[in-house]
There are 2 protein chains.
Amino acid sequence: MLRGFFEPEAVLIAGASREPGKVGYALAEVMKGYKDRGVFRGRLYATNPKPGPDILGIPTFRSVMDLPEVPDLAVIVTPARFVNQVAEECGRKGIKNIVVISGGFAEVGEEGRKLQEELVSICRRYNMRLIGPNCVGVLVPKHGLDTLFLPVDKELDGDMVTSLKRPEPGSISLITQSGAFGVACLDYMYGEGIGLSKFVSYGNKADVDEVELIEYLGDDEETKVILVYAESIDRGREFLKKAGEVSKRKPIVVFKAGRTKTGAAAASSHTAAIAGSDSVYEAAFRQAGVLRAYDMEQFFDMAKALSMQPPARGDRIAVITDGGGAGVMATDAIELSGMRMAVFSEETSRRLDEMRKSGVIPEIASIRNPVDLTGSATDDSFVESLKVIVRDDSVDGIVMLALHHVPGVTSALPERIAEVDLMGKPMVVVDIGGEDYAVRFRRKFEKLGFPAYPEPERGVNAMKALVEYGRYFYHWINIHGK
Amino acid sequence: MLRGFFEPEAVLIAGASREPGKVGYALAEVMKGYKDRGVFRGRLYATNPKPGPDILGIPTFRSVMDLPEVPDLAVIVTPARFVNQVAEECGRKGIKNIVVISGGFAEVGEEGRKLQEELVSICRRYNMRLIGPNCVGVLVPKHGLDTLFLPVDKELDGDMVTSLKRPEPGSISLITQSGAFGVACLDYMYGEGIGLSKFVSYGNKADVDEVELIEYLGDDEETKVILVYAESIDRGREFLKKAGEVSKRKPIVVFKAGRTKTGAAAASSHTAAIAGSDSVYEAAFRQAGVLRAYDMEQFFDMAKALSMQPPARGDRIAVITDGGGAGVMATDAIELSGMRMAVFSEETSRRLDEMRKSGVIPEIASIRNPVDLTGSATDDSFVESLKVIVRDDSVDGIVMLALHHVPGVTSALPERIAEVDLMGKPMVVVDIGGEDYAVRFRRKFEKLGFPAYPEPERGVNAMKALVEYGRYFYHWINIHGK
């Protein structure tokens, strides 16, 4: 039902501008770029009430009524006082989906609230759906749909520097109440190499809200994980019902700011919404199988793991490391997270001991969990110990700490690991470091489907998401005792 | 007393090798590189028992006894079974400091333990100090002293890729029990652009331990912050006494792994040390003014803030933001950390309101703490609101969230901010994003002395370090109530 917002064949930019620097110009420039590069394969139109030449080569008309066809989507960027008139024309023309970028509605007080109510009633009258107002809109990298008015480059000390290159197409979708935070997330995603399916900043959510977006993304085949940034959730009951249904098919992670009383007060002055008690949210999310992130890094760390690896069928985790210290950190993090360090079966212990004796893994390796292959580790020792450990019924998931500085670890390790049958159990990888090798080594693992993190604690947190989601997804009950 | 380890005028590499790939070759190559680039300005010698040409152009002798002078420092990389003989020669020659990189001592069992005891007694006999054995040794970027045998580049899918470029000279020193984790930290520091004063991996700490290193670094003018990674602290009483003294002059941050019972067990199999109860450590650290980090990211986030900004004289924090959502996150994090959101004085509120009316800050800005300048923020609005807020007696520190995507924020902001008199109050900065602009914008702030973070929560955590250290440094007592 919301498909027109995400896969329109014809798009109108209402309020496009001929002046560089204006939002209506930036938006036209962005969409024209996608069309020229062949990413957006539909048709583009623009309107501007002043007579003049086509804007950036996009067929430009003085009124919506003059368009030669009915676009699937209109993006409105006129000043607030003209928005309702344009929306009215869109309705009369037969357009079914509008995104209103313009601010100056409910968020600015009484007068704006009236304007917004009027906008909604226009939409109702024409059976037209609305995202916004006061938002940055929609981004679908795969289809070249991009209503973000923020340019890719921004001037820094005289240089033009990439400031908001959009993420590559991927399988994570993000819906956000805060446009500014949404934009910051996109910047973060690009930097981390995390792919995006759909992005929606829904601003004042005068019509389309989280509930409908979750429903749509729940059915969207290109979305594997749904991320929600919210400061308030208005239709709480419907949200939980829908989220509970969708979570049976794919994970939803919510990052809800305004957790503390003071934070909630700040949120309500930000979005004029009442945030509600955090403990109520916490309990409700858990019941609906919704995972919760507490900061942005965690938000995307969880999303990456959930989009790449299967949920876990239990909470008993094995750690394989070539750095003893990192192994200790991961062990601490597992215990503190409420998961458990797996206790290997006798068979596993025996086989690891044999491998140690025969030199497959280093003689000085420690073979209890965490398995420490030490600085004498090799690719072989990682692969062979993994093969044994993953077959142990008392292991539900694996955290592999493959610190690349160890001389015997080579860049062939990711491919070698990918050949191992993991028996449907999830695995995450950690390599610490910010230099080229570490960054590329982690990316290699990720291309092969293993989410990779620069810190033991972040890897463990990602595994926790797979365990928590698994608990809901498989309805598993902790019968192992503690 | 330990100066010879950090500023030697002549260095011997004992056990240098003529075979590329060997540790004794890599080490010679690394040190020769510093000498050729003029960073290490002292004299280099090598020993190798086999006759042959000079190694990499370093004057090479068959025995320590043959050297033309007495080096200040010998770095021993021979196989374990030859180490004691070489140490004996070093002693006879009159060398006063040795670093033993070689493993194969206490960490491998009874035989190694005997070897280590013998090594220690040789050192005692000759009044010679020892770092190690079983360590990666010492790195002082400023003086080009570098006993790390790990090469800068490593092969990745056929390319030579930087894997361990050393951090630039800076004011943070790091001492670490785990060599592998220490190396990973250096990789992280380089990636984050964090400067290093001294790095010591002390391995089995058979002689020089944390206590003496903290004492030395406490007096070292080039060290502003001391970081300690430890899995166990053996001389607990002396450590706390010394740490308590040093903390009066400069901050010490400890990252102690093995916090949980299982983690501690893993640590003891890693270093054969008994870790002790975490709650005992926690209380003792607090009493000695030692700050504690719980993961690597936090470790360096805290260090950066402590090296760049003054400690806080209280825990009342002001937040200035151009992104409402980020402001809410920072508010949550401040409340959850045990700090408090500052409540502005009437004078401050009045002046901010005037600025809003006169258009110095946006009309739609929210002027209660967190101050939300909104997406209409400009450099001016940040600078002018900061000037007012920093003069408020009820503000002890400032977290500035300057999200750069906002059109009115330019790359001139850092310099503009640096011109404001902050009245001795600490400030940290946040800009979210992983693209070039965000990275360079943060670095600009850091060059001007403001630690900058990519997440609101990380900025708040850094401020927390300044507040906690301030509590010890200034002996302030919380008399404000809650």
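# Notebook: looking through a predicted two-chain model

I started in the loop between α4 and β6 (129–131) of chain A, where I found A:Asn127; helices (H or I, at least four residues) and strands (E, at least two) are DSSP runs, numbered from the N terminus. This is a predicted model, in which local features need pLDDT of at least 70 and side-chain atom pairs count only at pLDDT 80 or more, while totals for chains, interfaces and linings use all residues. Residues are numbered from 1 along each chain as its sequence is written, chains are lettered from A and ligands numbered from 1 in the order in which they are written, and side-chain values use heavy atoms, with hydrogens and water left out.

**Backbone entries**

I noted that A:Asn127 has a positive phi of about 55° although it is not a glycine. With a relative accessible area of 58%, A:Asn127 is exposed; buried means under 20% relative accessible area, exposed over 50%, and partly exposed in between (1.4 Å probe, protein chains only).

In chain B I looked up B:Lys205, which also is not a glycine and has a positive phi of about 35°. B:Lys205 lies in the loop between β12 (196–201) and α6 of chain B, and at 11% relative accessibility it counts as buried. I kept these entries because most residues other than glycine have a negative phi, and most peptide bonds are trans.

I then turned to the peptide bonds, and found that a cis bond joins A:Asn369 and A:Pro370, with omega about 0°. A:Pro370 lies in the loop between α12 (346–357) and β18 (371–372) of chain A. In chain B the bond from B:Asn369 to B:Pro370 is cis, with omega near 5°, and B:Pro370 is placed in the loop between α12 (346–357) and β18 (371–372) of that chain.

**Aromatic rings**

My search of the whole structure gave 28 aromatic pairs over all chains; rings of Phe, Tyr and Trp (its six-membered ring) pair if their centres lie within 6.5 Å, and planes under 30 degrees apart count as stacked, over 60 as edge-to-face and the rest as tilted. One of them is the pair of B:Phe181 and B:Tyr229, whose ring centres are 4.6 Å apart and whose planes stand at 45°, so the pair is tilted. B:Phe181 lies in helix α5 (residues 179–192) of chain B and B:Tyr229 in strand β13 (residues 225–230) of chain B, so the pair ties together parts that are 48 residues apart in sequence. I found B:Phe181 and B:Tyr229 both buried.

For B:Phe239 and B:Phe285 I noted ring centres 6.3 Å apart and planes at 65°, so this pair is edge-to-face. B:Phe239 belongs to helix α7 (residues 236–247) of chain B and B:Phe285 to helix α9 (residues 278–287) of chain B, so parts 46 residues apart in sequence are tied together. B:Phe239 and B:Phe285 are both buried. In chain A, ring pairs link A:Phe181, A:Tyr188, A:Tyr229, A:Phe255, A:Phe299 and A:Phe300 into a cluster.

I also looked for charges over rings, meaning NZ of Lys or CZ of Arg within 6 Å of the ring centre and within 35 degrees of the ring normal. A:Lys154 lies over the face of B:Tyr437, at 5.7 Å from the ring centre, and A:Lys304 lies over the face of A:Tyr453, at 4.6 Å from the ring centre.

**Helices**

I found that helix α6 (residues 210–219) and helix α7 (residues 236–247) of chain A pack at an angle of about 10° with their axes 9 Å apart; axes are lines fitted to C-alpha atoms, for helices over the stretch in contact, and angles run from 0 to 180 degrees between N-to-C directions. The two helices, α6(A) and α7(A), are therefore roughly parallel to each other (angles under 35 degrees count as roughly parallel, over 145 as roughly antiparallel, 65 to 115 as roughly perpendicular and the rest as oblique).

In chain B, 8 of the 10 residues of helix α6 (residues 210–219) are buried, so this helix is largely enclosed by the rest of the structure. Among the buried residues of α6(B) are B:Leu213, B:Ile214 and B:Tyr216.

**The two copies**

Last, I compared the chains: a rotation of 180° with 0.0 Å of shift along its axis superposes chain B on chain A, with an RMSD of 0.0 Å (by least squares on the C-alpha atoms of residues with pLDDT of at least 70 in both). The two copies are thus related as by a two-fold rotation axis.
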